[in-house]
Amino acid sequence: MLLWLVLSFFGEILEVDFWGFLEMGLVAIMQGNHRFNDSKLVGTKPASSANAQKGGFGSGIGGGFGNAKNNRGFGKESFRDSLGDSFLDSSIEPLHSNIKFSDVAGISEAKEELLEILDFLKHPAKYSSLGISLPKGVLLSGAPGVGKTLIAKALAGESGVPFFYQSGASFVEMYVGVGAKRVRELFSAAKKSAPCIVFIDEIDAIGKKRTSDSHNSERESTLNQLLVEMDGFSDSSGVIVLGATNHIEALDSALLRSGRFDRKVFIELPNFAERAEILKMYLKSKKSHIDPVLIAKKTSSFSGAMLATLVNEA
C-alpha cells in the first residue's frame, strides 16, 4: 500500500506512469523468455536465462527508465524524450490524392467554400504578393458519412499539393508527451513540403473542451501542442489544417477561434437533387436499369455513405 502511494505521488509530480513501466518490463521479460525458449527449439546456443531476461527487460524499458535514470536531468522531460524515441514512428510521408471535385457528387455548397483555398494552394505567389496569408485552418463538420474525408482528399487532388493524413485517435497515448511529439513531427514534416494540407480526422479525440476537473494530462498536452503549431511563434505559412468532426460543440474554444480554424464548413445531408446526383455517379459503373430519381425519392435522410452502401448491396 505504501509503495502504491509513493509511486502514485511521484508519478503525478513527474507526469510519469510508473505502472506502465512495470507493465512494459513484465512484457519485455516474457518476450525475453520467449526468445530464450525459441533458441532452444532451433538448436542455437542460448544465453543464460538471467541474460535473456535481462536483455528482454533492457530492450523494453532500458531506453526509457534506464537512460532517464543515468542522465543527470532525472525529470519528466527525460522520461518523455526516452519514451518518445521508442514509441514514435518518425517516418511521416505525404500522400498524393487522385480524387477530384468531379468525383464528389452533391455537397456543392461545401465545394464552393473551398474554391478560394484551392486557388490559394494553386497560386500562392499571387496572394503573397498582395500581402494575403492563407487561412490557418478549415473545420469540416457534419453528420457521419456526409463526405468530410472525401472532400478533403478532393481538395488535395485538385490542388496537387502533398496531403498529410492523421486520425485524432492516433495522437492519444497513455504516456504523457508522446501525442505532443507526434504533433510536432507531423507539422515539421508538413512545413518541409509546404504548401500542403494536413488533414486531422475525428479531431474531437484530442480537441475536446478542457475543464477544471479534467485529469487527462496526455490529451491536454497534445491539444496544447496543436494550438501552438497552428498559431504560435513558429511560422506555419503554406500549411493549411483541415479538421473533421461530428461534434463541433464538444471542441475547445481555443481551437475554434480565428487564427486557428478561420473557416467552418458545415456539410449537411444531401437533399433530393443531390441524392439523385450521388446515386447516378455510383450507378455509372454498375450494369443496371434503376432510375436514380425514383430511389432518391425513397431515401430521405440518407447520407452519401449510406447511398454508396445501398447501391453496392442492391
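Buried means under 20% relative accessible area, exposed means over 50%, and partly exposed is what falls in between (1.4 Å probe, protein chains only). The model here is predicted, so local features need pLDDT of at least 70 and side-chain atom pairs count only at pLDDT 80 or more, while totals for chains, interfaces and linings use all residues. Residues are numbered from 1 along each chain as its sequence is written, and side-chain values use heavy atoms, with hydrogens and water left out.

**Exercise 1.** Work out whether glutamate 113 is buried, partly exposed or exposed, and which surface patch holds it.

*Solution.* Start with the place: glutamate 113 sits in helix H5, residues 108–122 (helices are DSSP runs of H or I with at least four residues, strands are runs of E with at least two, and both are numbered from the N terminus). Next, take its relative accessible area, 40%, so glutamate 113 is partly exposed. Then look around it: Glu109, Glu112, Glu113 and Glu268 gather in a surface patch of negative charge. For such a patch, residues need over 30% relative accessible area and no salt bridge, and like charges are joined within 9 Å.

**Exercise 2.** Find what the side chain of arginine 219 reaches.

*Solution.* First, locate arginine 219 in helix H9, residues 217–231. Second, check for a salt bridge (a side-chain nitrogen of Lys or Arg within 4 Å of a carboxyl oxygen of Asp or Glu). Arginine 219 has none, though it is buried; glutamate 220, the nearest side chain of opposite charge, is 5.1 Å away.

**Exercise 3.** Say how many salt bridges a search of the whole structure finds, then trace the one between arginine 263 and glutamate 116.

*Solution.* The search turns up six salt bridges. In the pair of arginine 263 and glutamate 116, the closest N and O atoms are 3.1 Å apart. This pair links distant parts of the chain, with arginine 263 in strand S5 (residues 263–267) and glutamate 116 in helix H5, 147 residues apart.

**Exercise 4.** Explain which parts of the chain aspartate 252 and arginine 210 tie together.

*Solution.* Begin with the contact: their side chains meet in a salt bridge, 3.1 Å from N to O. Aspartate 252 is in the loop between strand S4 (239–245) and helix H10 (253–256), and arginine 210 is in the loop between strand S3 (196–201) and H9, so the pair ties together parts 42 residues apart in sequence. Aspartate 252 has 5% relative accessibility and so counts as buried, whereas arginine 210, at 33%, counts as partly exposed. As a side step, salt bridges that share partners join Lys136, Asp231 and Arg257 into one network.

**Exercise 5.** Compare sequence and space for two pairs: serine 141 with histidine 247, and glycine 145 with methionine 306.

*Solution.* Serine 141 belongs to strand S1, residues 137–142, and is buried because its relative accessible area is 5%. From serine 141 to histidine 247 there are 106 residues in sequence and 7.3 Å in space, C-alpha to C-alpha. Glycine 145 is in the loop between S1 and helix H7 (148–159), and its 30% relative accessibility is why it counts as partly exposed. Glycine 145 and methionine 306 are 161 residues apart in sequence and 7.1 Å apart in space, again C-alpha to C-alpha.

Methods
Patch = residues over 30% accessible without salt bridge, like charges linked within 9 Å, V, L, I, M, F, W, Y side chains within 5 Å. Areas by Shrake-Rupley, 256 points an atom, 1.4 Å probe, with all protein chains shown as cover. Lys, Arg positive; Asp, Glu negative; His and termini not counted. Charge placed at Lys NZ, Arg CZ, Asp CG, Glu CD. Polar contact = N/O pair within 3.5 Å; in protein donor to acceptor, adjacent residues only side chain to side chain.
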